[in-house]
Amino acid sequence: MLRKINFYSICFAFGLSVLLIFAGSRYTDNTNYRPSSESRRNIKYFLKVEDIDENIVQTVPTNPYDGSPDIEKIIDKTRIKIRHELLVYNFTHSGVKKLEDLVMESGGQPLRSLIISTWRSGTTFLGEVLNSVPGNFYHYEPFLNYGIVQIRGTPESDNVLKTIKKMFLCQYDDMNDYFEYGKSHWHQFSHNTRLWDHCKFKKELCTDPDFTSRFCRLFPFQSMKVVRVRLRLIKQLLLDKELNLKVILLIRDPRGVMQSRQHRNFCQPAPDCWKPELLCADMISDYVAAGRLIQEFPDRIMALRYEELALNPNTTSYSILKFLGLGVTSSVDEFLHLHTNMEVAGVSSTFRVSKAVPFRWKNVLDFNYVDEIQMTCKGAMDLWGYKLAHNATHMTSKEFNPIQEYSLKQ
């Protein structure tokens, strides 16, 4: 009797196991993908808008996670998402009546902005401020593949200016070097959050010139930052009526720049990054160029010191947006609140207690090194309004304010 009971128990357990396996396989067949919590956050931008006027949105992935993204669906949903994000945007700030006036796909002309600076001068933060504006397409550092060098003239400048124009016109054909570099350096694309929201599921999209060109043409605003090109080369782009470009020159105290560069492995072997005499020669060149270009294009170029942005991030950011013809939105205010009141470590982190950043060099650099920088850079510092520290005690004192008023000679 006991043997019969054990036999029936074994049979029952075996049958139950088979049923559970079968049920599990059916569930798997009917569910293509179950995203993790991180994936669910990542797909928050892939929206299906059922009724824009009623602001009814539903989170829907733009690709089916089966390795075959639907390009047309991505384009359609992005077009709808941009319209939804800018539903209450006041386009009079941008000098037009409606979204289509700024969209290349619709025959419009986007608002284009270019940040010119050098390494460790605050461009990542400023670039992210502009990218927090809804409907912005961010061309992040298109010349990473050039290495740690400054481009000051021909023949390199010819190709650089051609590339900047092509990217602002969303013409990504014949840019093999750019895409090849990106295949092994994905951060070239990841700062462009609107593009990366799709590429992170299918990275080949980021290296597809046709997709990138079509996707770029959907956006009313475009921004770019470059740290390898000097300002005097940009006149050709300012003269180009097809671009209608606005330029921001971002300058930082060379003592702060060199202090920040000390902790970056990429910098030290490269003379253009490690020698203060080259940095400050470029600062003088940019000062002269800024004076001439502002006289010729008074509404198209702005010179800005990083310290002004760090000490007064909201006021300065609003002034920058007004200059660029961009309206202040809740997303901009949210970015500024989050990124200027907390510290997050990382080479490219933009989370900083902003008022503590610009003068950090005063407390971490040896005065002898500071004095070497000052003696090398005195001319550039005088032009841009940076005061000298007289000794170690003066340098670290709370009363020493390293910045003063300056003016661009035209």
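**Entry 1: the whole chain**

I began with burial and found that buried residues make up 50% of the 410 residues in the protein. Here buried means under 20% relative accessible area, exposed means over 50%, and partly exposed lies in between, with a 1.4 Å probe and protein chains only. The model is predicted: local features need pLDDT of at least 70, side-chain atom pairs count only at pLDDT 80 or more, and totals for chains, interfaces and linings use all residues. Residues are numbered from 1 along each chain as its sequence is written, and side-chain values use heavy atoms, with hydrogens and water left out.

I looked up the confidence next. The protein averages a pLDDT (the predictor's confidence in each residue, from 0 to 100) of 85, and 80% of the residues score at least 70.

I noted 19 helices and seven strands in the protein. Helices (H or I, at least four residues) and strands (E, at least two) are DSSP runs, numbered from the N terminus. Among contacts between residues at least 6 apart in sequence, 71% join residues at least 24 apart.

**Entry 2: the largest cavity**

I looked for cavities and found two of 30 Å³ or more. On a 1 Å grid over the protein atoms alone, a cavity is a set of points where a 1.4 Å probe fits but cannot get out, and lining residues have an atom within 4 Å of a point. Grid points are joined across faces, edges and corners, and a volume is the space filled by probe spheres set on the points.

The largest cavity has a volume of about 110 Å³. Of the 17 residues that line it, the closest to its centre are Thr118, Arg230, Leu279, Met283 and Asp286. I traced the lining to its elements: β6 (245-251), α11 (254-261) and α13 (276-296) each supply at least two residues. The largest share, four residues, comes from α13. By class, I recorded seven nonpolar, four polar and six charged residues in this lining. Ala, Val, Leu, Ile, Met, Phe, Trp, Tyr, Cys and Pro count as nonpolar, Asp, Glu, Lys and Arg as charged, and the others, Gly among them, as polar.

I then checked α11 for burial. Eight of its eight residues are buried, among them Pro254, Arg255 and Arg261. What covers the buried residues of α11 includes α12 (271-274), α13, α17 (361-364) and α18 (367-384).

**Entry 3: the second largest cavity**

The second largest cavity has a volume of about 70 Å³. Its lining includes Phe137, Tyr138, His139, Tyr140, Tyr178, Gln188 and Phe189. Both β4 (136-140) and α7 (187-190) supply at least two residues of this lining, and β4 gives the most, with four. By class, I recorded eight nonpolar, four polar and no charged residues here.

Ser190 is found in α7. It is partly exposed, with a relative accessible area of 25%. The C-alpha atoms of Ser190 and Lys200 are separated by 8.2 Å, and the two are ten residues apart along the chain.

**Entry 4: helix α6**

Which residues of α6 (residues 176-184) are buried? I found Tyr178, Phe179 and Gly182. Seen down the axis of α6, its buried residues fall within an arc of 90° (the arc of the directions from the helix axis to the C-beta atoms), so they line one face of the helix. An α-helix has 3.6 residues a turn, so residues three or four places apart point the same way. The face turned away from the buried side of α6 carries the exposed residues Asn176, Asp177 and Ser184. The buried residues of α6 pack against α5 (156-168), α7 and α9 (209-216).

**Entry 5: backbone details in loops**

I looked up Asp174, in the loop between α5 and α6. Its phi is near 55°, a positive value in a residue other than glycine. At 69% relative accessibility, Asp174 counts as exposed.

Arg120 is in the loop between β3 (111-116) and α4 (123-131). Its phi is near 60°, again positive in a residue other than glycine. At 21% relative accessibility, Arg120 counts as partly exposed.

Last, I noted a cis peptide bond between Thr154 and Pro155, with omega about 5°. Pro155 is found in the loop between β4 and α5.

Key. On a 1 Å grid over the protein atoms alone, a cavity is a set of points where a 1.4 Å probe fits but cannot get out, and a pocket is an open set with protein on both sides within 12 Å along at least five of seven lines; lining residues have an atom within 4 Å of a point. Contact means heavy atoms within 4.5 Å.
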